[in-house]
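Subject: A structure to look through, with notes

Dear colleague,

I am handing over a structure for you to look at alongside this email. Please open it first, and then read my notes with it in view.

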Amino acid sequence: MKGKLAALALILLLFSCNANRANANNIASKGKNMKASDITTETKIRDIISNPSLGDWGRLLFPVNAGYYSGDTLGDLQLIWYSHINPQKTVEIVRYVTECAENDEQVFFDIYSEEEKRTDPDKRNTGLFFFRGKPGAKTAICNAGGGFAYVGAMHDSFPHALELSKKGYNAFALIYRPGAQTACQDLARAIAFLHKNAAKLGIDMKGYSLWGGSAGARMAAWLGSLGTEYFGEQSYPRPAAVIMQYTGLGEVYGNEPPTYNCVGTNDGIASFKTMERRINAIKAKVTDAQIEVFRGLGHGFGLGQGTVAEGWIDNAIKFWEKQNE
């Protein structure tokens, strides 16, 4: 076990070296209030960021490091390493958070105090976006990928959280600091925050799930196996299920939560064979595990709309629900 933890520490250190990390905070001068009904695929990204009704957190809808995305409008938005970005889904997400702001319904939550953010300014680029389901319903925490260099939330966690909320679940999308170690610390803090504030938020944290794609899937797996206490928080219950997309994680500690995986056969970043081996290793520990492999699909397919993977999220939800029976 000690050897495996040492190996994990080395992996975290390597991933934390962000040579391309830039200090671009996307902070624009405040513009005019924009109504949700006015937002279309032609809406400028800079106008969303500068929308006064979104406060300072509107910028966190997009990668803090602007070098990892391109496009001037919501319809043109592209994220490095991601495919199958759905412009209509992007518009739907931005409309959702804008409507919440218009209705004075809090959608963004800080996970660090002002004092903590003063001590570490990078913590200002963190937080949770809340996609509300039914009051008192179970909770999912979604973590986007981005190679631990940026957070690709607009394609890899916001859509998942929105779809989960439509099905009645309370879903959160985490914006975390780049770097594997800091990302896991932020996820541990998010789990702690949600447990402490469950009653206030009207959510059920019993039997919660952790979701993630690519780097975000590694975060979900590490927190599921090692726990919040390994990353600096007090110990909180482990998730009932971990839902992972397209990541080449191989290690198994023997105490993994029930795990669902999905990946494409043409993924040049995350080998489906590596994921199959890990699922089989989890099954060998008499733990429920499942994998779906989609022929011909590459990396970063998100919800998989319009692809052979469409509907995978329904299977993942059924897997999670099974763990709470």
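This is a predicted model: local features need pLDDT of at least 70, side-chain atom pairs count only at pLDDT 80 or more; totals for chains, interfaces and linings use all residues.

**Helix α10 and its surroundings**

Several residues of this helix are buried, namely Thr-274, Met-275, Arg-278, Ile-279 and Ile-282. When α10 is seen down its axis, these buried residues fall within an arc of 135 degrees, and they therefore line one face of the helix. On the face turned away from that buried side, α10 carries the exposed residues Arg-277 and Ala-284. If you wish to see what the buried residues of α10 pack against, look for α9 (215–226) together with the strands β8 (241–245), β9 (259–264) and β10 (289–294).

Both ends of the helix also deserve a look. At the start of α10, a side-chain oxygen of Ser-271 comes to within 3.2 Å of the backbone nitrogen of Lys-273, while the helix is followed by Val-286, which has a positive phi, near 60 degrees.

Leaving aside residues up to four places away in sequence, Thr-43 touches Met-34, Asp-38, Ile-48, Asp-72, Thr-73 and Leu-74. Of these, Thr-73 is 30 residues from Thr-43 along the chain, yet their C-alpha atoms are separated by 5.3 Å. The side chain of Thr-43 also reaches the backbone nitrogen of Thr-40, at 2.8 Å.

**The cysteines**

How many disulfides does a search of the whole structure find? The search finds 0. For Cys-142, the closest cysteine sulfur is that of Cys-262, and the two sulfurs are 13 Å apart, which is too far for a bond, because a disulfide requires sulfur atoms within 2.5 Å. Cys-142 is buried, with a relative accessible area of 1%, and Cys-184, at 0% relative accessibility, counts as buried too.

Notes. Residues are numbered from 1 along each chain as its sequence is written. Side-chain values use heavy atoms; hydrogens and water are left out. Buried means under 20% relative accessible area, exposed over 50%, partly exposed in between (1.4 Å probe, protein chains only). Helices (H or I, at least four residues) and strands (E, at least two) are DSSP runs, numbered from the N terminus. The arc is that of the directions from the helix axis to the C-beta atoms. Contact means heavy atoms within 4.5 Å. A polar contact is a pair of N or O atoms within 3.5 Å; within protein, one must be able to donate a hydrogen and the other to accept it, and residues adjacent in sequence count only if both atoms are side-chain atoms.
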